[in-house]
Amino acid sequence: MNLDFTPQEEQFRQEVRAWLQDNAPREHRPGDGEAMRDFDIAWQRRQYEGGWAGIAWPEEYGGRGLSTIEQLIWYQEYARAGAPYIGVNFVGVLHGGPTLIANGSEEQKKAHLLRILKGEEVWCQGFSEPGSGSDLASLRTRAEIDGDHLVVNGQKIWTSFAQWADYQELLVRTDPDAPKHKGISWVICDMRAPGVRVRPIRTIAGHHEYCEVFYDDVRIPLANVVGGLNNGWRVAMSTLGFERGTGFMNEQVRLATDVEALIALVKSRPALMRDTDITRRLSRLRAETAALQAMTYAGISLNERRGAPGAEASILRLYHGLLTQRLGRLSMEVLGTANLELSDPEAGWTGPYLYSFSRTIGGGTAEIQRNIIAERVLGLPRSR
Amino acid sequence: MDLMPSPEEEQIIDTARALLSKELPVDYLRWEKGAAAAPDRALLSAFAELGWIALGLPEDAGGFGFGATEEMLLFREAGRALVTPMLMAAVIAARLAAARGDAESVAALVSGERKVGLTISADGGEPHYVIEGDGADHVLLVAGNRVALLPAGNFGERAPVAGVDGAVTLERATLNEDGAALSADGEAARPLLRHLSLLIAATLVGAAEAVRDLTVAHASERSQFGQKIGSFQAVSHPCADMAVRCEAALSQAKLAAIALRDGSEDAGFQVQAARIVAIDAAIANASAAIQLHGGMGFAAEYPIHFYLKRAHLLDQVGGAAASQLDAFFALDAL
């Protein structure tokens, strides 16, 4: 066991640090609307031009072809530099793109990967439906084959950034007669295709992050099916593996920065320093945040040996969600009356506090993560 | 960067696990005859022969030159098997002797010839509680910012008490003579206290894992309402939480062990974090395990309560959770 970075990795860190120092946006990231989208896209573009987009993606698709360790170094320096949240590029860069790399055809990879890295394509995720949340495989959005197209009818919900997206990773039922996990396909949906309608939904944090999406005879080429017709459940599990595994590495690294910011705030106020309930809870959170970083390292070490994130990713996802919520709750106590003023979801304290409730819902609820841990890590009998 | 054990480290884990599961199966029969006759004490010489006390000492100090990582992995196994804290006391005592250049004491300690008990001292002073003192000729005193190795005879008015952890013996005692030949204070004691905290964290990781495994096995076998109880989320979800706490505590203990071995600037920070996370994991997991075992969990003849009690015992060694949290909060950010 070691925490040594190779000379090449150290060199890489120095380059990242220098580049971020000169290039990370200093201005405030807008929390909503077109201004937010334009900001996120411009920042993605700048990272690409600097040679920092897709660090662990293959070189032939515009990436750097480096390992998850370099990716980790990037996020460590990213957090250190206070660089902004990835925003609308989350789905494309962190799980849609990786899913295409793992499961897509050559044509699909050529059509999308480079454009995702350049900030030319924003992606969203069409998995959940009004009747299919935790029981994702029960989804009913139908796709019927008509010549060389699928014709899609149905509805998706909780689709983050659908109003800004160009493409969507969409799960549809292509065989209604097959067992529920075997009749699903993962398709690339053009969000500008006729029959796609998007209605933004406001979150409890006050912004319009997610949407309902309606499909009315939307025609999608069969060539857009990823990983084979009726094989979508397996592809979706790989997507969720990326989302739960490496997708939140940046936020895991960032949590430590936020915890230290709250500790510094408490240390600057003598009245709070005398409140051992606050200081001890914060101290425990600090220790657990250190453990989260250690778990991130352990997870990467395991992935490096095994090649892909496993069910253990659910442990990290759950732990991170719970710690983020504890930080939010503590911050509301520390802030006092200042907590009456709402901040952006990604800046200040009240916005992130409210946003933290999504951390144990999105990407599989805490309950689903516990099911996965119980069944696939501990080998307990299946829950109902 | 790699937090997976190396082949060499794997070998230490496998050897320890094989020996301990054979010689010390976690079973209530172990303590039928009382803690003083427990088989783990009788095995101390065998552990010494295997090199477990000398494992992490530098070769020029009479050790095997392995690092804190190997020791951490070893004590995780010892924690699973509820091995007597005398092993931990001997390892720290040998480090103290090596730091003081006392080769004779090092040799007596690493050979297992000199047996060491461990003290817990209320607020660094009286009364002193001596753990396993009846089977020891020396006692490791851990009080405030001081670590010392004293002949057992230096303690007086020794009175056996019924301890919370019935798997070890406990005495109340006063410290009569404190002319310790082997003593470290303040800055000199810091690396020893840090090392002790790492071993405590590692032991508690093993305890947290042991009760997780016992509970998963129970939930996979026991049926109620016509189903294995592990299929009920009211049972499986607390088991999942146990797994999360184990993963957090183990990962942090590994990171802390590496930082300590490498002499990193953040070693103190990481070790203290490891201890805080591990004590929480051990107590929370053992508590959940008692609940999930129902009536069996509350029965003394079933082993789970020993893990809960061991966690509370070790929590008090060198300063309990609240003082650990206060000290950790006072540290500067990394």
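What follows is a short chat about this predicted model.

Colleague: Okay, which element gives the most to the side of chain A that touches chain B?

Modeller: Start with the contact itself: 38 residues of chain A meet 38 residues of chain B. On the chain A side, the elements giving two or more residues are α7 (249-267), α9 (276-306), α10 (313-335) and α12 (366-377). The one that gives the most, with 17 residues, is α9(A).

Colleague: Switching to chain B, how many residues of α5(B) are buried?

Modeller: Helix α5 of chain B covers residues 86-99 and has 14 residues. From first C-alpha to last it reaches 20 Å, close to the 20 Å expected at 1.5 Å a residue. A residue counts as buried if 20 or more other C-beta atoms lie within 10 Å of its own. By that test α5(B) is mostly covered, and the number buried is 13 of 14.

Colleague: Last one: how many residues of domain 3 of chain A are in contact with domain 2 of chain A?

Modeller: The assignment puts domain 2 at 123-230 and domain 3 at 248-377. Their centres, taken over C-alpha atoms, are 31 Å apart. Domain 2 brings five residues to the contact, while the count from domain 3 is nine.

How values were computed. Residues numbered from 1 in each chain as written. Chains lettered and ligands numbered in written order. Predicted model: local features only at pLDDT ≥ 70, side-chain atom pairs only at ≥ 80, totals over all residues. Contact = placed C-beta atoms within 7 Å. Helix = DSSP H or I, 4+ residues; strand = E, 2+ residues; numbered from the N terminus. Expected span 1.5 Å × (residues − 1). Buried ≥ 20, exposed ≤ 12 C-beta atoms within 10 Å, placed from the backbone. Domains from an automatic or database assignment.
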